[in-house]
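Subject: Structure handover

Hi,

My notes follow below it.

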Amino acid sequence: MTITTTKLHPVIGAEVHGFDFLAPMDEGTLTALKDAFATHHILLFRGVDITDAQHVSFSRHFSDLESFPQSNMGAATVPEIYRVSNVDTDGQILNVESDTARFQSLTQLWHTDSSYLPTPSLGAVLRGLEVTSDGGETQFSNMFAAYEALSDDMKEKIAPLKARHSFQYSRALKNQPPMKAEELAKVPPVDQPIVRVHPNGRRSLYFSAPMMEGVVGWSVEDSKALFADLLDHISQPEFVYKHKWSRHDLVMWDNRCTMHCVTPYAAATERRIMHRTALVGTELVVGI
Ligand code: OGA
Ligand code: MN
């Protein structure tokens with residue numbers, strides 16, 4: 001296969017043309033995809049009408065796949081697929097006040113996936129099965145570019161800091177029922193540097209609004225003020241590509257150097273069904 005790319009935004013994202021999900025992957029094409037992923041951090045493929053099993057086997061070319069710490073959120077048939085949806089597995093729109101719907105609304109906060117793991121997810125592959133006509137877009141921000149554009153004072157201030165990331169904290173934000181003790185024991189809080197150094201030496205911001213209890217050693221109030229400043233910074237259009245979904249779009253993103261969030265939509269009436277695989281991380285979060 002010969003693939004080509006066109007940029008989606010000056011600093012983040014590219015659309016891939018010429019890739020056939022139904023053909024066997026060859027080494028040259030996989031290398032070209034990995035290169036494009038390393039360059040653009042977000043890859044978009046359109047018209048991807050594939051099964052969950054094909055979605056899983058495509059994802060496995062990039063890493064092993066995570067399973068979610070909670071047992072009740074997966075797709076019924078393929079355990080590696082996590083449903084991001086306001087529709088239950090019987091096809092009914094969820095009550096917006098239900099635990100599941102409120103938990104899913106956490107995706108509307110800027111985050112990077114599974115930052116609560118010592119080795120967080122490398123990236124994710126998300127496919128649109130039913131998409132919204134209004135809202136429900138996914139925004140992606142480039143954390144290398146956002147870090148580099150910070151003032152020198154801010155860079156100095158955050159250089160030594162770690163944030164405490166906790167899965168339990170994210171559940172508490174949406175008053176979720178208690179997790180089973182054995183599930184909770186698998187996801188204790190972890191402290192992650194706020195400035196992350198990529199193996200290529202480039203620095204990025206690394207944080208995640210729904211997971212962060214606070215800056216280690218700081219008061220809740222000071223932590224919240226810093227996170228608010230950083231969120232204002234990373235959400236500026238110069239760093240952000242906003243993806244308006246069409247059915248059968250497939251987007252893969254790099255969790256190590258981007259953040260993402262979903263824009264609000266009418267979850268009580270509009271159906272949104274997305275299937276996702278999460279690529280297992282291969283490196284600890286290294287600070288400076
Ligand atoms: C995710 C996520 C975004 C979306 O799957 O991790 O945040 O657009 N999804 O549903
Ligand atoms: Mn996410």
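A cavity, on a 1 Å grid over the protein atoms alone, is a set of points where a 1.4 Å probe fits but cannot get out. A molecule sits in one if more than half of its atoms lie within 2 Å of its grid points. The space taken by ligand 1 is the largest cavity.

This is a predicted model: local features need pLDDT of at least 70, side-chain atom pairs need pLDDT 80 or more, and totals for chains, interfaces and linings use all residues. Residues are numbered from 1 along each chain as written, chains are lettered from A and ligands numbered from 1 in written order, and side-chain values use heavy atoms, without hydrogens or water.

**Ligand 1**

The shell (a heavy atom within 4 Å) includes Val84, Asp113, Trp253 and Arg276. It divides into 4 nonpolar, 4 polar and 3 charged residues. Here Asp, Glu, Lys and Arg count as charged; Ala, Val, Leu, Ile, Met, Phe, Trp, Tyr, Cys and Pro as nonpolar; the others, Gly among them, as polar.

- Arg272, at 2.8 Å
- His111, at 3.1 Å
- His260, at 3.1 Å

Taken alone, ligand 1 exposes 290 Å², and the protein buries 99% of that (Shrake-Rupley, 1.4 Å probe).

**Backbone**

His41 has a positive phi, near 70 degrees. His41 is buried (under 20% relative accessible area), at 4%.

Best wishes

Terms used:
Polar contact = N/O pair within 3.5 Å; in protein donor to acceptor, adjacent residues only side chain to side chain. 1 Å grid on protein atoms, 1.4 Å probe; cavity = no way out; pocket = protein on both sides within 12 Å on 5 of 7 lines; lining within 4 Å. Buried < 20%, exposed > 50% of the residue type's maximum accessible area, 1.4 Å probe, protein only.
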